[in-house]
Amino acid sequence: MSCLEDCHFGARQGSLQKVKISGGGRCNVTHACWEPAELVQYYPRGGKELLGPFHKFACGDTVAWFEDRGVPLKIEEDGRMFPESDDSGSIVNCLMKSCIKAGVKIQTSCKVVSVNIIDTGYELTTSKGNWKAARILMAAGSSNGMWKLLKELGYGIVPPVPSLFTFHIHDKALHELMGLSVSNAVVKYPELKIETSGPLLITHWGVSGPAVLKMSAIAARALHEKNYHFDIRITWAMGMTKSDIEGFRKSKGAATVGGQSPVNLPARLWKYLVSRADIAHDKRWADLDKEEMEKLFEVLTDDLRSIKRKEHV
Ligand SMILES: Cc1cc2nc3c(=O)[nH]c(=O)nc-3n(C[C@H](O)[C@H](O)[C@H](O)COP(=O)(O)OP(=O)(O)OC[C@H]3O[C@@H](n4cnc5c(N)ncnc54)[C@H](O)[C@@H]3O)c2cc1C
């Protein structure tokens, strides 16, 4: 918490300890996304409100800010940006040096106990005395105590709900495929008409990976209200059409369904999906009837799964 350009308070000993451990000790500083209009799309809530601030300071400004202070950043394949040093210490040092240069006084192990509005701004009561400030900036993370203080000052607090979790599917056969992944799957939450896509990973409790994590973030509030009992639909084979399956049946008629797949999926996952469509693995493609073809297509492109709870990664 800071009285702007004057004093910074921290409840714990030491400064920027969280930055030090962030990004696995490398600190994922920002993302290579340069257009505010594109950047806000990655915020499931509050994107509209962030558009203005991002026009004033966004990822490109962050890169320039650190580079101007001798900390060049690099872009990884997935767009994440880290210091070239691959060491969060460079970021911590840079921020500390900038604070010192700007004359910021840092008070660690100094708990803010109360905040009162006075004629000239604010008065803070802390474990190390009282301060007055014209303006204050509160950045106290998920501190319940601080949220309570904010409420007392008349600010509305939106109750937080979990985000970035994975989905538990009660299905032993699926769990046995743990570690297998699909490079581009689609996850749909039909009730809210939400759809996410990306890599999907099978785990020993259900499904994870970017497609699932994105859904957990976008639908966080709705899923919380459902107590994490909800249905999703998974597209395992993106772009697959009924005529692709029909064409495969015609050309590979003598092959077994379990043995030959028309899609680029791990062989064990393909066999699992064939079983889900109630088709025997040793059945020949040529012997599939219309109903079985329909069921196979549905499982591959619109597989209905019941989620029973969330799991944290
Ligand atoms: C393991 C891990 C890795 C992460 N990696 C990254 C990453 O690579 N890139 C990234 O962008 N984000 C990362 N994050 C997320 C990032 O750390 C948080 O989003 C960010 O720290 C939130 O900042 P904040 O200021 O809101 O809260 P915090 O960083 O939690 O800081 C809150 C501060 O307020 C102090 N405080 C609380 N109550 C009081 C009080 N009453 N009086 C005085 N002080 C008080 C606390 O002691 C604390 O110092 C990571 C998080 C974790 C846990």
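A crossing of two helices is called left-handed if the near helix is turned anticlockwise from the far one by less than a right angle, and right-handed if clockwise. Keep in mind that this is a predicted model, in which local features need pLDDT of at least 70 and side-chain atom pairs count only at pLDDT 80 or more, while totals for chains, interfaces and linings use all residues. Residues are numbered from 1 along each chain as its sequence is written.

**Helices H10 and H12**

Select helix H10 (residues 242-251) together with helix H12 (290-301); helices (H or I, at least four residues) and strands (E, at least two) are DSSP runs, numbered from the N terminus. H10 passes H12 in a right-handed crossing, and their axes come within 10 Å and cross at roughly 125 degrees; axes here are lines fitted to C-alpha atoms, for helices over the stretch in contact, and angles run from 0 to 180 degrees between N-to-C directions. The two helices are therefore oblique to each other, on a scale where angles under 35 degrees count as roughly parallel, over 145 as roughly antiparallel, 65 to 115 as roughly perpendicular and the rest as oblique. Lys242, Ile245, Glu246 and Arg249 of H10 meet Met293, Leu296 and Phe297 of H12, where contact requires C-beta atoms, placed from the backbone, to lie within 7 Å.

**Helices H1 and H5**

Next, select helix H1 (residues 17-25) and helix H5 (residues 88-101), whose axes come within 8 Å and cross at roughly 150 degrees. That angle makes H1 roughly antiparallel to H5. On the H1 side the contact is made by Val19, Lys20, Ser22, Gly23 and Gly25, and on the H5 side by Ser88, Ile91 and Val92. This crossing, too, is right-handed.

**The nonpolar cores**

Which residues touch the most other members of the largest nonpolar core? They are Ala185, Val187, Val212 and Trp236, in a core of 36 residues. Such a core is a set of buried Ala, Val, Leu, Ile, Met, Phe, Trp, Tyr and Cys residues joined through C-beta atoms within 7 Å; a residue is buried if 20 or more other C-beta atoms lie within 10 Å of its own, exposed if 12 or fewer, and partly exposed in between, with C-beta atoms placed from the backbone. Among the elements that give two or more residues to this core are strand S12 (181-189), strand S13 (194-202) and helix H8 (210-218), and S12 gives the most, with five residues. Centre the view on Val187, and leave out residues up to four places away in sequence: Val187 then touches Thr196, Ala211, Val212, Met215, Ile232 and Ile234.

Move to His281, in the loop between H11 and H12, which counts as exposed with 12 C-beta neighbours inside 10 Å. His281 and Thr256 are 25 residues apart in sequence and 6.6 Å apart in space, C-alpha to C-alpha.

Most residues other than glycine have a negative phi. Leu164, however, has a positive phi, near 55 degrees; select this residue in the loop between helix H6 (144-152) and strand S11 (166-169). Finish at Tyr228, in the loop between helix H9 (220-225) and S15, where phi is again positive, at about 65 degrees. Tyr228 is partly exposed, with 17 other C-beta atoms within 10 Å.

Conventions:
Contact = placed C-beta atoms within 7 Å.
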